[in-house]
Each structure stands twice: as structure tokens, then as C-alpha cells.
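Good morning, colleagues. I would like to take a few minutes to walk through the model now on the screen.

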Amino acid sequence: MKDTDAVFKALADPHRRELLDRLYESNGQTLGELCKGLPMARQSVSQHLDVLEAANLIAIEWRGREKLHYVNPVPIHEIYERWIRKHEAQRLAALHEFKTKLERGRK
Amino acid sequence: MNAERFVYVTYIASTPDKVFRALLDGELTRQYWKHTNESDWKPGSKWRSVADDGKGTVRIVGTVVEMVPNRRLVLTWAAGPEAADPAQHSRVAIDLETVGAMVRVTVTHEELGTDMARAVTNGWPRVLSSLKSFLETGRPLDTWAS
């Protein structure tokens, strides 16, 4: 599950989460646009973007010589399916078992 | 920069022809998308996406703009009241590219109105995650249940 490792590692950094939030607010920004108002060196932002890109959390599109960054929520959705819905399903199954046991006990 | 443009990417352990077939074959889309996609997929032809709800509700309609087998599919895309006015159709490009043992699937959806943008941001990650699961494990995700 190497892909998932990369996603969790990329999301473990608050700067990278902030970059994703900024792209969510305004999708398709250049490095220069993303750097505006951020207390981070351009080189750090660039490195964080590389990590996000490697984890497939951002998609890149070239428009001429401009590199545009788009937030890609597909891996996050996979984590949701893998971890969140699964636990929801287990809770429902536990509740079902609880109910079945109680009802059986009543007879 | 354009807020009404989205790019979604997923990597699927499969082959371009299998991924492409999974996008065009209505019986396959029904399994992982819960919609039957119908068309002869020729440029200029109409296409539509019919809900698997037993009533045959048509959810999405549009025109095939471009079709390069196993490489690229471009569609116009509209729902509900937008459908009658081609000027309001959004545009979807699906590109397939082999990367090592994987296929990179890139969905670019643009020229979106606000309502459709909301539906699309909710929809594509589910469709692509389910497509990936369907092709890699043989089972779609149970993502449409609720």
C-alpha cells in the first residue's frame, strides 16, 4: 500500500494541508500565486508541491510555460472509502448484532 | 486560474483498452457508476447517462466531441434544464496514459456552472475510486448506497 503511505505522509504536514486548502478555494494556481501571502520561501512551497504531486494529491496542467496546480481529491476519497465508511459499516454490524442478541434473549 | 475547472487523476493497475472499455460499455458503467452510459461514441453523436433506478431516469446528456480509442474521450455534459441549451453544456475530457504498469486516468471538467460544479466535485472522485476498485479487484465500491 505504498500509495496510501505517500498520501498520509503528504497530509501529515500543516503547510501542505494549507496549500491544498488554498487550491480548494481557488483551483488551478501557479507557484507564484500560491506563494502570495504565505510566510514560506518559494523554494519550500515548491518542495511541498512536489510531495503533494508525488502523492497524487495535486494534478498538474501546463498552459504554455505556466504550471497550474489543481487539487485532486481522488486519493482522499479512497481513504474515506477505505477507513471511514468501513468503520461506519462495522458500527452498524455491531449494532445489528446487539439488537439480535437482545431480541433473542427476550424469547 | 479558473474556479470552474477541475482536474482529477487516478492511477489504475490495468491496461488502456480495459479502462476505455469500462468508460464506454454501459453494462460496465452500470456496475461501478450506477449509471448506464449509452452512445455509439462517434464524434458528433449524442450520449446519455441513465440512472440504474429501475425507471430509466436520464441524468446527463451531451455530445461526443472527440474519441481516440484507448487514449482520449471528450464529451459535452449537461443535466436537467441545461440540457436544452448547448451553450450551457460543460465539457469533459478523459485522457488515458500508460505509466509503468499503471494507467493514468485524467478527467478535466471545465466550463462548469455553479450547480454542476458542486455535483461534479462530489461525483468524479467517487466514480474514479469505484472504477479503480472495479478494474483492480473486480468489485466496484459501495459508494452509491447512501
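Predicted model: local features only at pLDDT ≥ 70, side-chain atom pairs only at ≥ 80, totals over all residues.

What does the radius of gyration say about chain A? The value is 20 Å, well over the 13 Å that the globule rule gives for 107 residues, so chain A is more spread out than a compact globule. Along its principal axes, the C-alpha trace of chain A spans about 75 × 25 × 25 Å. Buried residues account for 25% of the 107 residues in chain A.

Let me turn to one helix pair. Helix 2 of chain A, residues 14-25, packs against helix 4 of chain A, residues 42-54, at an angle of about 80 degrees, and their axes are 10 Å apart. The two helices are therefore roughly perpendicular to each other. On the helix 2 side the residues are His15(A), Arg16(A), Leu19(A) and Leu20(A), which meet His48(A), Leu49(A), Val51(A) and Leu52(A) of helix 4. By class, this contact has 5 nonpolar, 2 polar and 1 charged residues.

Finally, the partner chain. In chain A, 15 residues are in contact with 17 residues of chain B. Strand 1 (58-63) and helix 5 (74-106) of chain A each supply at least two residues of the side that touches chain B. The largest share of that side, 4 residues, comes from helix 5 of chain A. By class, the side of chain A that touches chain B has 4 nonpolar, 7 polar and 4 charged residues.

How values were computed
Residues numbered from 1 in each chain as written. Chains lettered and ligands numbered in written order. Contact = placed C-beta atoms within 7 Å. Nonpolar A, V, L, I, M, F, W, Y, C, P; charged D, E, K, R; others polar. Axes fitted to C-alpha atoms, helices over the stretch in contact; angles between N-to-C directions. Parallel < 35°, antiparallel > 145°, perpendicular 65-115°, else oblique. Rg over C-alpha atoms; globule rule 2.2 N^0.38 Å. Buried ≥ 20, exposed ≤ 12 C-beta atoms within 10 Å, placed from the backbone.
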